[in-house]
Amino acid sequence: MDLSINNARLFDGSAVREGLFSVGIIGNKITSVGSLTAHAGKEINAAGRFLMPGLIDCHIHLLNMWTVKDEQTMAADLEHEVPRRLDDFLAAGVTTIKSAGDSEDDILRVRAMLESGELRGPRLFATGAAFAAPGSHPSSTVYAQNPWLGSRTIIESDSPTEVRDAVRRLAEKKVNAIKIVHQGGCKHGEPYFFRAEGINIQIHRLERAVLEAIVDEAHKHELTATVHTFEQDAAIEALEAGADGLEHGIMERELDGDRVIELLLRNRASYVPTLWLLAFEEHAAAVRYANLKRVADAGVRVALGSDTFCGYGKFGESTLVETERTVAAGIAPEKVLKMATGDAAEHLGSDAFGTIANIPGARRLMTEVAKQGAPWIFGLDPRSIGEYLEPFHLALKADVGGADYNARYLTPMNRKLAVSECERIAEAVVR
Ligand SMILES: [Zn+2]
């Protein structure tokens, strides 16, 4: 074993676990989590302090959308500013980020450089360019004065065939998800105005057929489609079209009725609250908090995402602000940490990070087995094994967890492989 962290209190990506733990690491992978001290080349005594997975921010914009206006300024941003921003994330404990819309080829280049080790920073997931209705947000708002960057960051189209082609192109470039902006009025409905500092323009959302084509094509390529929304009607449309996530959620007024929540649960979709934006929209806090609380209490997966962009505050620190605001919305701190680790990883479609466990791939395996209807129970609380055995006329004699199992059986056999705390052996006798 290369590294062990001993005597740590553990938040494992879903909850704080009882007692003190030792976590063993080989290379860059956790290989054991248990209560016995793990010996390794390098040992760290946590002395009762907390060990938790790195934080995940599921909504950021990494490149500078204000200063980058052409090839030259882009090259300067990539060379001089981006490495600093990436460091800021690490310094705040943020080890995974999702770019929810950046200049497509540039952000994919940053991702490649991070993967190859040429750049140091958090794991980067990227959606590439985002889909939006022509003449809407953000091309006519944020990028109104910067068409060069806008055209690299947004795909404006009202043609179902065109958007399908664009999704295929993004899939070939191996983006991690598809991002759609669905904000504005219906062509035949009430006019909708986008209002922000110095901006007041009428915008339209995507035609339903276009929205459906993007989501459908994304799913054909096994990509999730996550949708920027502000209002309830647009969110319902997006979810009815099969969206896998709402970025920002419902900000304009409190949810009325259960339709949004029903659809979020039906689609197993995520809600990414981006409360950091309250820095600009303080008046919206009560509505945003109330909607988030309702969605979270209903059991919808909430993935922490700040919507941090350049020019305001510091990357990483803004992610911490997001956790504080989530607590301000009435969510228990332990739940907020889960939103920023285990649930965020699930939103990103990976269980290779975001948790402290020694069986990578376990969650996927559980889902597969559950789908096949196997007669085998995962997630049984060890304290209820006795009750579980009763109907079979069996009485529990001993229940051995990973640490005991390792000490009793594996260590004497000189086996290097460890058994995790969640793999248990129960001995029972016939009553
Ligand atoms: Zn954003």
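I call a residue buried if 20 or more other C-beta atoms lie within 10 Å of its own. With that cut-off in hand, I looked at this predicted model and found that 44% of the 431 residues of the protein count as buried.

**Entry: overall form**

I looked up the extents next. The C-alpha trace spans about 75 × 50 × 40 Å along the principal axes of the protein. I then checked the radius of gyration, which is 24 Å; a compact globule with 431 residues would have one near 22 Å, so the protein agrees with that expectation.

**Entry: secondary structure and contacts**

I counted 14 helices and 19 strands in the protein. I also looked at how far apart in sequence the contacting residues are. Among contacts with a separation of 6 or more, 69% join residues 24 or more positions apart.

**Entry: helices α6 and α7**

Helix α6 covers residues 232–240 and helix α7 covers residues 259–266. Their axes are 10 Å apart, and the two helices pack at an angle of about 25 degrees. Angles under 35 degrees count as roughly parallel, and α6 and α7 are therefore roughly parallel to each other. I noted the hand of the crossing too: it is left-handed.

Which residues in α6 meet α7? I found Gln232, Ala235, Ile236, Leu239 and Glu240 on the α6 side, and they meet Arg259, Val260, Leu263 and Leu264 in α7. Sorted by class, this contact of α6 with α7 has six nonpolar residues, one polar residue and two charged residues.

Note on methods:
Residues are numbered from 1 along each chain as its sequence is written. This is a predicted model: local features need pLDDT of at least 70, side-chain atom pairs count only at pLDDT 80 or more; totals for chains, interfaces and linings use all residues. Axes are lines fitted to C-alpha atoms, for helices over the stretch in contact, and angles run from 0 to 180 degrees between N-to-C directions. Helices (H or I, at least four residues) and strands (E, at least two) are DSSP runs, numbered from the N terminus. Angles under 35 degrees count as roughly parallel, over 145 as roughly antiparallel, 65 to 115 as roughly perpendicular and the rest as oblique. A crossing is left-handed if the near helix is turned anticlockwise from the far one by less than a right angle, and right-handed if clockwise. Two residues are in contact if their C-beta atoms, placed from the backbone, lie within 7 Å. Ala, Val, Leu, Ile, Met, Phe, Trp, Tyr, Cys and Pro count as nonpolar, Asp, Glu, Lys and Arg as charged, and the others, Gly among them, as polar. The radius of gyration is taken over C-alpha atoms; the globule rule is 2.2 Å times the number of residues to the power 0.38. A residue is buried if 20 or more other C-beta atoms lie within 10 Å of its own, exposed if 12 or fewer, and partly exposed in between; C-beta atoms are placed from the backbone.
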